[in-house]
Amino acid sequence: MRMKILGTLLAAMAVGGSAACSNFLDAPEAVANPNQPTVAGINQQFVATQTALTLQYTSDLARTACIWIQQCAGTERQYGQLGMYDYGEDAYNASFAQVYTGGGLIDIKGVIEKADAAGDDVYGAVGRVIEVMQMGLAADVWGDIPYSQAVSDTPTPSLDAQQDVYISLQATLDTAITMLASNKGAGPGLVDLYYGGNAVKWARLAHTLKARYALHVAEREGASAYALALAQAQQGLQPGDDFLGIAGDNPQSYNAWYQFLVIQRAGYMFAGRELVDLLAQRSDPRLTHYFLANDDDAYVGADPGDATSSQFSSFTVQDAPAYRQPIVTWQENRLIVAETAFRTGSGSLAASALDAVRQDAGLPTLGTVTLEDILAEKYIVLFQNPEAWNDYKRTCYPALIPAAGSQAVPGRLLYAVGERNSNPNVPAPAAQPARNWNDPVACS
């Protein structure tokens, strides 16, 4: 803003003295400071969108999902209350705002607009995949959301129906896949902190995301959703393609889980009994990868409502503050293949897909599999990933016992009070549904 004011003053001075001297004072190189740009370039905006996306998938929403599906347990202060499904309407203001600002949809649209104007299909496609991931998570969590009018001159955007958002996301992914295949443009290159500008990996990610979002409507659409998910997952991520969150050795870029569990709120969360017991029963080596032994050198998880205690196991945070948290992985992709192949009658494909993931984890192959085998493996693979909450709502696996005094695990979050206060299209809490369109029936 200061640069704009300075530019205006200098221009006025030049006009006033034009009869006596040249207009050099309002020349672009005189009024524009290259070290203080007023408009972000495409690369700056793209870095912001990547950072925002990592935070959205690895901070508040991820911790909430982990607690509610009992991979984790909230054990102190507001996280103890969260474990009992007790939270305020203002608890997720930052998460909801992040969908749109500070590297959210506004900046994502800026990246896409600039890439399209430059004729860089690869860059534009990558921006579209980022958009899908940001808006897809928002639709998963809140259901109907501002989308089609969110980046417009409309001050109070309407809420798009969740089912319409999913349709739009699938179409956007189709466009991104086509654009990536064109190989037109230089793309983001090393500004791409996820894949280093590798268009092939972005295309595979887009196919896996199409499969993921097809599953999100399977409760409503049944067989057609499973068939779409299978076809897309077979073109999806392969070993070495994992989409990992951004993290580094600088304290400002530490893994968000590490920052919360170790630096900011030690004791607020411990291991969840459901996941600890499942891993122990299977003699699964991921028990020691995910969790630390307690003071008695044992692995013990907490139930909803349990208070902080040294008897519970803490988290390894995969051993390092710079650990890049998995967001979408080839293991998830193979387990989508396994589930959808099983549901569409291909038992051999289901078994081979599941066994590939089990072997990677150091477990023996099964040969013949059940649906429960597949869902159990995916519950484990998606540790600390908000996608695990979507799977639970869809499959009711595992058979969780809700927190005392509740009939069901929550199916969605309340809209942020900040958005409700500024947008009359957002209903009051009492008028909001308990569950989103894609999840009509609670697990019991």
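When the bonded cysteines of the protein chain are numbered in sequence order, they pair as 1-2, 3-4, and the structure holds two disulfides in total, a disulfide being a pair of cysteine sulfur atoms within 2.5 Å. In general terms, a disulfide is a covalent bond between the sulfur atoms of two cysteines. The model is a predicted one, in which local features need pLDDT of at least 70 and side-chain atom pairs count only at pLDDT 80 or more, while totals for chains, interfaces and linings use all residues. Residues are numbered from 1 along each chain as its sequence is written, and side-chain values use heavy atoms, with hydrogens and water left out.

Q70 sits in the loop between α4 (60-68) and β1 (72-74); helices (H or I, at least four residues) and strands (E, at least two) are DSSP runs, numbered from the N terminus. Q70 has a positive phi of about 65° although it is not a glycine, and Q70 is buried, with a relative accessible area of 4%.

The other disulfide, between C396 and C443, has an S to S distance of 2.1 Å, and with -90° about the S-S bond this link is left-handed. Because C396 lies in the loop between α19 (387-395) and α20 (417-422), and C443 in the segment after α20, the pair ties together parts that are 47 residues apart in sequence. C396 counts as partly exposed, at 34% relative accessibility, whereas C443 is buried, with a relative accessible area of 8%. The loop between α19 and α20 also holds P398, and the peptide bond from Y397 to P398 is cis, with omega near -5°. Most residues other than glycine have a negative phi, and most peptide bonds are trans.

Another residue with a positive phi that is not a glycine is S283, whose phi is near 50°. S283 lies in the loop between α14 (273-281) and α15 (286-290), and at 61% relative accessibility S283 counts as exposed.

We can now turn to how helices are placed. The axes of α16 (residues 330-343) and α19 come within 14 Å and cross at roughly 10°, where axes are lines fitted to C-alpha atoms, for helices over the stretch in contact, and angles run from 0 to 180 degrees between N-to-C directions. That crossing makes α16 roughly parallel to α19, since angles under 35 degrees count as roughly parallel, over 145 as roughly antiparallel, 65 to 115 as roughly perpendicular and the rest as oblique. The contact, which means heavy atoms within 4.5 Å, is made by E332, E339 and R343 of α16 and by E387, R394 and T395 of α19.

Finally, Q232 lies in helix α12 (residues 223-233) and counts as buried at 11% relative accessibility. Leaving aside residues up to four places away in sequence, Q232 touches H207, K210 and A211. The side chain of Q232 makes a polar contact with the side chain of H207 at 2.7 Å, a polar contact being a pair of N or O atoms within 3.5 Å, of which, within protein, one must be able to donate a hydrogen and the other to accept it, while residues adjacent in sequence count only if both atoms are side-chain atoms.

Notes. Buried < 20%, exposed > 50% of the residue type's maximum accessible area, 1.4 Å probe, protein only.
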